[in-house]
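I opened this notebook to keep track of what I looked up. The entries follow the order in which I checked things.

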Amino acid sequence: MEYDKSVINRLKRIEGQIKGVLGMMEQGKDCREIVTQLSATRSAIDRTMGVIVSANLEQCVRENVENGEGTDHLVKEAVNLLIKSR
């Protein structure tokens, strides 16, 4: 699968968030601030995984339809991927 630039940009922003958290820790910031930033980072990661899974699902469904194959198993697999990630 080829990844869209927007997904790569999301991951770069997440990378920046993690570096920011490390900086906050090195500065001895309050744990509530750090946990808040980590929570925001986790949410960004979750959204990115959703984008990746949905794009992959769309591509796989399209290919299966073109080949006259079923798609139910693809949807189940995508849902299972998202469930495992939690």
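Where is the place of S54? I found S54 in helix 2. Helices here are DSSP runs (H or I, at least four residues), numbered from the N terminus.

Before going on, I noted that this is a predicted model, where local features need pLDDT of at least 70, side-chain atom pairs count only at pLDDT 80 or more, and totals for chains, interfaces and linings use all residues. Residues are numbered from 1 along each chain as its sequence is written, and side-chain values use heavy atoms, with hydrogens and water left out.

**Entry: S54.** S54 counts as partly exposed because its relative accessibility is 41%; buried means under 20% relative accessible area, exposed over 50%, and partly exposed in between (1.4 Å probe, protein chains only). I also checked S54 against G28: they are 26 residues apart in sequence, and their C-alpha atoms are 39 Å apart in space.

**Entry: helix 2 itself.** Helix 2 covers residues 31–66, which is 36 residues. From first C-alpha to last it reaches 52 Å, close to the 52 Å expected at 1.5 Å a residue; the expected span is 1.5 Å times one less than the number of residues. I listed its buried residues as I34, T41, A44, T48, V53 and N64. What covers them includes helix 1 (5–26) and helix 3 (72–84). After helix 2 comes G68, with a positive phi near 70°.

**Entry: helix 1 against helix 2.** Their axes come within 10 Å and cross at roughly 165°. Axes are lines fitted to C-alpha atoms, for helices over the stretch in contact, and angles run from 0 to 180 degrees between N-to-C directions. Helix 1 and helix 2 are therefore roughly antiparallel, a term for angles over 145 degrees. I then looked up which residues meet, contact being heavy atoms within 4.5 Å. Helix 1 brings residues including L11, I14 and I18, and helix 2 brings residues including I34, T41 and A44. By class, this contact has 14 nonpolar, four polar and three charged residues. Nonpolar covers Ala, Val, Leu, Ile, Met, Phe, Trp, Tyr, Cys and Pro; charged covers Asp, Glu, Lys and Arg; the others, Gly among them, are polar.

**Entry: helix 2 against helix 3.** I found these two packed at an angle of about 170°, with their axes 10 Å apart. Helix 2 and helix 3 are therefore roughly antiparallel to each other. Among the residues making the contact are V53, L57 and N64 of helix 2 and L74, A78 and L81 of helix 3. The contact of helix 2 with helix 3 divides into ten nonpolar, three polar and no charged residues.

Notes: Angles under 35 degrees count as roughly parallel, over 145 as roughly antiparallel, 65 to 115 as roughly perpendicular and the rest as oblique.
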